[in-house]
2 protein chains.
Amino acid sequence: VDYQHVQVPFEITLWIMLASLAKIGFHLYNKLPSVVPESCLLIFVGLIMGGIIYGFNDRSPPVMDSDIFFLYLLPPIVLDAGYFMPSRPFFENMGTILLYAVVGTVWNVFGIGFSLYGICQVKAFRLQDVSLLHNLLFGSLIAAVDPVAVLAVFEEIHVNEKLHILVFGESLLNDAVTVVLYKLFRSFCEMPTIKSLDVLAGVGKFFVVGLGGVLVGLTFGMTAAFTTRFTKDIRVIEPLFVFLYSYLSYLTAEMFHLSGIVAIIACAMGMKRYVEANISLKSHTTVKYFMKMWSSVSDTLIFIFLGVSTIGENHEWNWPYICFTLIFCLIWRALGVLVLTFFVNRFHVNTITGKDQFIIAYGGLRGAICFSLVFLLPDFHRKKLFIAATTVVILFTVFIQGMTIRPLVDLLAVKRKRESAPTVGEQIHIRFLDHLLAGIEDISGHWGQYYWKDKLEYFNSKYLQKILLREYDQPKSSIVLLYEKLERKHAIELAEAGQLGHAPSPPSMINNDRTVTMDKKLEDTLNPDVLDNIQEILARNLYRIRRTGPAYNRHTLPGDTEPVEHAKEILILRHKSL
Amino acid sequence: VDYQHVQVPFEITLWIMLASLAKIGFHLYNKLPSVVPESCLLIFVGLIMGGIIYGFNDRSPPVMDSDIFFLYLLPPIVLDAGYFMPSRPFFENMGTILLYAVVGTVWNVFGIGFSLYGICQVKAFRLQDVSLLHNLLFGSLIAAVDPVAVLAVFEEIHVNEKLHILVFGESLLNDAVTVVLYKLFRSFCEMPTIKSLDVLAGVGKFFVVGLGGVLVGLTFGMTAAFTTRFTKDIRVIEPLFVFLYSYLSYLTAEMFHLSGIVAIIACAMGMKRYVEANISLKSHTTVKYFMKMWSSVSDTLIFIFLGVSTIGENHEWNWPYICFTLIFCLIWRALGVLVLTFFVNRFHVNTITGKDQFIIAYGGLRGAICFSLVFLLPDFHRKKLFIAATTVVILFTVFIQGMTIRPLVDLLAVKRKRESAPTVGEQIHIRFLDHLLAGIEDISGHWGQYYWKDKLEYFNSKYLQKILLREYDQPKSSIVLLYEKLERKHAIELAEAGQLGHAPSPPSMINNDRTVTMDKKLEDTLNPDVLDNIQEILARNLYRIRRTGPAYNRHTLPGDTEPVEHAKEILILRHKSL
């Protein structure tokens, strides 16, 4: 037996296999996942695994490597989150999300850091050797809400879209703040003296790290879209580019100490639209499926490793410090949400209700990012205390908060997500209102979100689409696309029921299909020649409507160049008929 | 800039990106790939890359690591080959393939080894220090036809199915022989004396390595099929199991020094049928697409690395040895094919023609497997000579033979692959003949391939399907499945042309669809009530035929239990109608 030779891939495959089998196992018992979130079950499996390893080896089981976490496990989850992010609610609530993510996180970091420093001054707790800087450093890693944990819990409780995007968006975007503060305090810890200039540089870094991430992400996203223009002859490697470019954006951002999470989200959101138009339907299915699969496996592995890493002798159990950490985390988050929402509500018509505020504060789960950051701390004599406190906070938020949030959502009757997709009528209405509001903002000189959205759309259709799309014709309206999709779905259903081709002929079988019966009635009242004629006219003109109708937008008002072309076409048609 | 931190994933991603972009680049010029095989172009790109690296660094560019090749690059290609292997021609020509793969490879190894040893005795060439064992070791690595190179060339020239499977099957199955002989001679090189017992053990190993690989593969394949029984609630990780189990089968086989290639092929061919029935349609698309994508990328990387590794100072250019290696490779292969085919043709009605023999001999391309094996050789003073000879043989076969095989196939007018899928009539005919031949073999007591195939099918439907399939109902005949698929395709086409639902009504549009017009005519001649009646009767009975018809097989003759059920159903129907 030559185990050495295959050890690395063999063990990786076995871990993934274990994770997948655990997932299958939970779903065999339908009752279990409806009560306990999957993340809790997975941590539990990890705890058992860790216990077994500890029992047999008599030493601490291997801890999740921070490099593995940040380089291999986190990117798939963030990519999945970014690619499937509902862009409309995200951009509509952008201001609120940024406020929570930036101001809220800074508030939490300093709140937790300073109050823990206060606790350290109590002599009875024997914590006087923990300096203010160390407390702030600890605060910076424990304050950030974790996207993986939030996603795992919020995907199961189905709260309304706005509430979901507020918590989830915050957890994604606070990465920039966490990165800056964590690195700042870490470098301060190693410096002999701190000048005020350093503090100012730290503030400047916020913008560099966040906006730099967005820039890197968008650059790679546009390149990805541009590349997929040329893959028509080798469809089979199309999905690859989506993954390669987004991963490269993450790695590049990390390389320049920018926010990798922000970069990969910008990349995914930027390229999605163009890539979807360029690649084939099957490639797209593969991209979607593989992204979901990959993120689901990463997610599972992270929670199992969290469980495994908890077991062992890395901890220093100073209970006062640990308990106060937990209490401060809860209190400062609740206060922060209250204060920030007060300001947000003053400027918005659609206010955030008290119930929503409670769920936002309660949904501030901590997870694997804190855990990896605490292991990345430079070695100093109280590191094990920080590890213990982080572990307790994570387990408390994931187990206690994660398990009770669903009953609480039920109890408070928080507004739920609507299950049905918006109807065509609603879509038309929304689109109409968008145009109207953009026009009003334009005239009134108020450069609000509708104005900018409209400008962006104009820029997109005038320049970006021409460069990035392979078959840049007139853009198809989403309504036409929806119609085509429904038509295709309907056809497949008919074929599967075995009614295709024969369905319309026997009258007994088509009672449920109104349009066909109407066709039938028309046919009965008119003679065939007239009918043929009508159909021909309709077919021709509908073609014309199809081509010009959906392309309506505010910048090409009817009357620009249309009439000339239209007149031409009528002439040609008349010539033909003569 | 913190490059160290992201180096490993960054460089891997960049190499894959380069490979994919190179592929896109070739396909932008449509003429290029039709003249030069892609493998040649990729090696060429690799040579340029290697030249650039060599020029800048002034030292040999990095050589493809054998571990990376065998553990990460080869498995996806072999998995893809096994999963999409046309099983019928493969099993029909199993005997011939095994003869070529086992006897043919042994013949080549000893032929090349001994004649090179003869060359080494010529004093003028200064090669007297290369021993017989070293020559045999070299023969064992240079003799094997390479599946990656064969696949890359034969996929483009579209020869007939039998010829393709003979060359490709040989290249896959000779792995077991190569592994045994290579390891045998390597251990002999390190032994002081060789006993005859060692030689006997070597012969025994053939069977262990080959059959062991099949056993490992089938075990994992069946486990994979069994696992996918339980994935109904988490469709998203279904594709994962296909990849995980086949990779595990490869690694396990390699761990026990069995043939990994044989194992992964057995696993893929074994599980395919059951996995396809268990997983959803979208999962299946993802599996297929991802397998193709992955193998295509691996393939590209292998050829680029081959090119890169060729540049450098690893070579000892002893031209007589190199030239004679090339000549002996060609001669012994040609002789081997001639002799073996002579025996094969004596026992078969469907003989292998002279043209086919030429293409089989000429299609014996060498590739990355030889290349990796030669770098795995233990260090001795003539290793660089072997590396040089291997490089020349690979480049000659891939470039000269790979580029000229297509014109030769045209020139000789070798029978091509039929482009169209078999018609339903042909499929029924083939199935009927299979049953007939199985019956004849059974009665005549000749246990041929049809007899065994039939027994296997019986075992499959009686035991395996019940254990491995989730929804084990009556097995659907392939004809019914084909019909459903065609119906679905037709429906989508109709929907995309915008004719769904409206198509049958206007008579002008359905002239090309004969069945519908016939329906129409029937409708015209009969009155609606009678028509309804007929349709109801047809619908009921067709349902019955659908359920019992396709389930016909030799082991459940009509008359077993059917009549009772049938009678019952007729009774129930009559009761209802009364």
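## Exercises on a predicted two-chain model

B:D146 caps the N-terminal end of helix α8 of chain B, with a side-chain oxygen 3.1 Å from the backbone nitrogen of B:V148. Keep in mind that the model is predicted. Grab the structure and work through these.

**Exercise 1. Work out how covered helix α8 of chain B is, and look at what comes after it.**

Step 1: Find the helix, which spans residues 147-157 of chain B.

Step 2: Tally the burial: nine of the eleven residues are buried, so the helix is mostly covered, using under 20% relative accessible area as the mark for buried.

Step 3: The buried set is B:P147, B:V148, B:A149, B:V150, B:L151, B:A152, B:V153, B:F154 and B:I157. B:V148, whose backbone nitrogen faces the cap from B:D146, is on that list.

Step 4: Step past the end of the helix. There you meet B:H158, with a positive phi near 55°.

**Exercise 2. Classify the ring pair A:F110 and A:F185, and say where its two members sit.**

Step 1: For context, there are 53 aromatic pairs over all chains.

Step 2: This one has its centres 6.0 Å apart and 75° between the planes. Planes over 60 degrees apart count as edge-to-face, and that is how this pair comes out.

Step 3: Trace the chain. A:F110 belongs to helix α6 (residues 94-120) and A:F185 to helix α9 (residues 161-190), both of chain A, so the pair links distant parts of the chain, 75 residues apart.

Step 4: A:F110 is partly exposed at 31% relative accessible area, while A:F185 is buried at 4%.

**Exercise 3. Now do B:F358 and B:Y362.**

Step 1: The ring centres are 5.4 Å apart and the planes meet at 20°, so this pair is stacked.

Step 2: Both residues sit in helix α15 (residues 354-362) of chain B, four residues apart, which puts about one helical turn between them.

Step 3: B:F358 has 37% relative accessibility, so call B:F358 partly exposed.

**Exercise 4. Find the rings that have a lysine over them, then the cluster of linked rings.**

Step 1: In chain A, look at A:Y83: the charged end of A:K272 sits over its ring, 5.6 Å from the centre.

Step 2: In chain B, B:K292 lies over the face of B:F84, 4.4 Å from the ring centre.

Step 3: For the cluster, follow the ring pairs that join A:F243, A:F290, A:W294, B:F243, B:F290 and B:W294.

**Exercise 5. Describe how helices α3 and α17 of chain B cross.**

Step 1: Take α3 (residues 38-57) and α17 (residues 383-412); their axes come within 9 Å and cross at roughly 140°.

Step 2: That angle makes α3 of chain B oblique to α17.

Step 3: As for hand, the crossing is left-handed.

Note on methods. Residues are numbered from 1 along each chain as its sequence is written. Chains are lettered from A and ligands numbered from 1 in the order in which they are written. This is a predicted model: local features need pLDDT of at least 70, side-chain atom pairs count only at pLDDT 80 or more; totals for chains, interfaces and linings use all residues. Side-chain values use heavy atoms; hydrogens and water are left out. Rings of Phe, Tyr and Trp (its six-membered ring) pair if their centres lie within 6.5 Å; planes under 30 degrees apart count as stacked, over 60 as edge-to-face and the rest as tilted. Buried means under 20% relative accessible area, exposed over 50%, partly exposed in between (1.4 Å probe, protein chains only). A charge sits over a ring if NZ of Lys or CZ of Arg is within 6 Å of the ring centre and within 35 degrees of the ring normal. A polar contact is a pair of N or O atoms within 3.5 Å; within protein, one must be able to donate a hydrogen and the other to accept it, and residues adjacent in sequence count only if both atoms are side-chain atoms. Axes are lines fitted to C-alpha atoms, for helices over the stretch in contact, and angles run from 0 to 180 degrees between N-to-C directions. Angles under 35 degrees count as roughly parallel, over 145 as roughly antiparallel, 65 to 115 as roughly perpendicular and the rest as oblique. A crossing is left-handed if the near helix is turned anticlockwise from the far one by less than a right angle, and right-handed if clockwise.
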